[in-house]
Amino acid sequence: MLRETWWQRAIIYQIYPRSFQDSDGDGVGDLPGITRRLRYLVDLGVDALWLSPVFTSPMRDFGYDIVDYCAIDPLFGSMQDFDELLEAAHSYGLKLLLDLVPNHTSSQHPWFIESRSSRRSPKRNWYLWRDPAPDGGLPNNWLSEFGGSAWAFDEASGQYYYHAFLASQPDLNWRNPHVREAIHNVMRYWLRKGVDGFRIDVLWHLIKDDQFRDNPINPEFKEGQPPHWKVLPLYTTDRPEVHEVVAGLRKVADEFDDCLLIGEIYLPPKRLVAYYGKDLEGVHLPFNFGLLETNWHARKIAELIDEYEGALPAGSWPNWVLGNHDRPRIATRVGGAQARVAAMLLLTLRGTPTIYYGDEIGMTDAEVPAGLVCDPLGKSVPALGRDGARSPMRWDGSRFGGFSETSPWCLCPDEGPPNVTEEESNQASMLALYKRLIKARRHNPALTIGSYHPLVATGDVLLFRRSHPGCPSVMTALNLGDQPAAAILEGIRSRGRVIVSTLAADRDGEAVKDEIDLRPHEGLLIELLG
Ligand code: GLC
Ligand code: MG
């Protein structure tokens, strides 16, 4: 990287606006609610907020189905509310990132209404239309990520259109220059308003095979896996031509100062890093979801870090994600004790961390009874339901958790901890741990822009060191197991002192030499003295 950018030292915080703070008593979180809670985010110590979509939408996929890219859905507030949020965030020194959803629109978007109106519509080619197969059936075997075929039939015009997600989310045709221009202008609209960048939805989906070839059958498919895994998405995602499209988005970003582009991409490290672009002309941060997908074992995670660090192109900047609105929460995946270890891992690895709202207070997935499922994916594939991870933020111990005065749109467990108020007054809370880690990170550049050095460890222990010229090096020692463990410091001729334990403050300042003893589920941050 030629010059240091703001996001290298930054911590990103993802807000799912429906579930953060309701301000008008309709049970749905909104923009004035977020504005009201900015102080909390400043105290937490994060630098940038990414909002999941807040644009006009019929909400079939909760805002990832957009009808007007340049308008705020009334459920979330008005454009004035947005402007106020942006201004307030900036006045606190917080950056604001929006969610750009370029792969598909809502089927109620005027572009699609026009496109489907006739085969001769000037916008026909804005979406992916195909004739039925010679036998009258589906054009090919492509599958929707939300279940079933990815092709929906339009009776009136006698053709099928492609949708990677819901039938009410038709995919745009990114080979069409008019589509590119239209979305580029959406970016310019928000960037002129002063937003600081975008998280780009399903970036690796944008280009599909121009010959519409069948995807190969997946020989390893097992019952119980997501149904669309029956075929390998060879011709529907990660096509070579996508990189030219990504470079086009980046060009628009570069018309503005310091605009950050983050890409949502679920791919293994080697293919993921291609989204930085050959000459770094791609997105600044292709989201690294390794920690969402890995088994929670020290050796597996060590391999994952090595593989990712090894794959990064020269000059690129890494990033790590622990949770998002599409996956079970970290405390649900690994349990409350290990979620604390995970927090230390996230905040001491090399790369920009993204925190999913509520993870900093240790929220777990809400249990959603079958009859109350809202998520379209949860309705078609119950095992993959995402409502649990989207439950309202727990601000206090009151009936609706301080989220709303009325019953929220989605279930929230309505009693007791975790909640912000309780955790703010408890030094042993997850929130207190997050704050200490963030403070330590801010205090020592080794933890932000410093280099990363893996250290030899065995069993349940994960060990690494961060260093930066002129700053004390810092070592992270994590016990991913439920038994006491020791790490021998081979090859490090240094002494250190504990600056953070994930368990309690009782080891602060403890001297460390040659060997570190870790309690069950304990992580230690150790400043090296020489
Ligand atoms: C992304 C979003 C997810 C949404 C999907 C379709 O994966 O994160 O929530 O359902 O795209 O837009
Ligand atoms: Mg509301």
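**Reading contacts, cores and a ligand site**

Me: Which residues does L345 touch, not counting residues up to four places away in sequence?

Reply: Contact here means that heavy atoms lie within 4.5 Å. Beyond four places in sequence, L345 touches L291, W296, I301, I305, L462, F464 and L478. This is a predicted model, in which local features need pLDDT of at least 70 and side-chain atom pairs count only at pLDDT 80 or more, while totals for chains, interfaces and linings use all residues. Residues are numbered from 1 along each chain as its sequence is written, chains are lettered from A and ligands numbered from 1 in the order in which they are written, and side-chain values use heavy atoms, with hydrogens and water left out.

Me: Which residues touch the most other members of the largest nonpolar core?

Reply: In soluble globular proteins, nonpolar side chains tend to be buried together. A nonpolar core is a set of buried Ala, Val, Leu, Ile, Met, Phe, Trp, Tyr and Cys residues joined through side-chain atoms within 4.5 Å. Buried means under 20% relative accessible area, exposed means over 50%, and partly exposed falls in between (1.4 Å probe, protein chains only). The largest core has 152 residues, and Y13, F198, L345 and M393 touch the most other members. Helix α12 (residues 336-348) gives this core its largest share, eight residues. Apart from this core lies another, of 16 residues, including A457, M475, L489 and I516.

Me: Where does T348 lie, and is T348 buried or exposed?

Reply: Helices (H or I, at least four residues) and strands (E, at least two) are DSSP runs, numbered from the N terminus. T348 is part of helix α12. With a relative accessible area of 1%, T348 is buried. Not counting residues up to four places away in sequence, T348 touches R441, L447, F464, R466, T476 and L525.

Me: Which residues are the closest to ligand 1?

Reply: A residue is near a molecule if one of its heavy atoms lies within 4 Å of that molecule. Ligand 1 is surrounded by 14 residues, of which D61, D201, E264, H325 and D326 are the closest. For sorting such a shell, Ala, Val, Leu, Ile, Met, Phe, Trp, Tyr, Cys and Pro count as nonpolar, Asp, Glu, Lys and Arg as charged, and the others, Gly among them, as polar. The shell around ligand 1 holds four nonpolar, three polar and seven charged residues.

Me: How many Å separate an oxygen atom of ligand 1 from a polar side-chain atom of D326?

Reply: The distance is 2.5 Å for D326. An N or O atom in the side chain of D61 is 2.6 Å from an oxygen atom of ligand 1. For a polar side-chain atom of R386, the distance to an oxygen atom of ligand 1 is 2.9 Å. Taken alone, ligand 1 exposes 300 Å², and the protein buries 96% of that. Such areas come from the Shrake-Rupley method with a 1.4 Å probe; for residues, only the protein chains shown count as cover.

Me: With which side chains does the side chain of R199 make a polar contact?

Reply: A polar contact is a pair of N or O atoms within 3.5 Å; within protein, one must be able to donate a hydrogen and the other to accept it, and residues adjacent in sequence count only if both atoms are side-chain atoms. The side chain of R199 makes such contacts with the side chain of D99 at 2.9 Å and with the side chain of D201 at 2.8 Å. R199 is found in strand β9 (residues 197-200). At 2% relative accessibility, R199 counts as buried. Leaving aside neighbours within four places in sequence, R199 is in contact with residues including W50, Y64, I262, E264 and H325.

Me: Where does H109 lie, and is H109 buried or exposed?

Reply: H109 sits in the loop between β5 (95-100) and α5 (110-117). H109 counts as buried, at 4% relative accessibility. A polar atom of the H109 side chain lies 3.4 Å from the backbone oxygen of V67.

Me: What is the phi of M59, and what is the phi of D514?

Reply: Phi of M59 is near 65°, a positive value in a residue other than glycine. M59 is in the loop between β3 (55-56) and β4 (68-72), and counts as buried at 12% relative accessibility. Phi of D514 is near 60°, also a positive value in a residue other than glycine. D514 lies in the loop between β19 (511-513) and β20 (515-518), and is partly exposed, with a relative accessible area of 45%.
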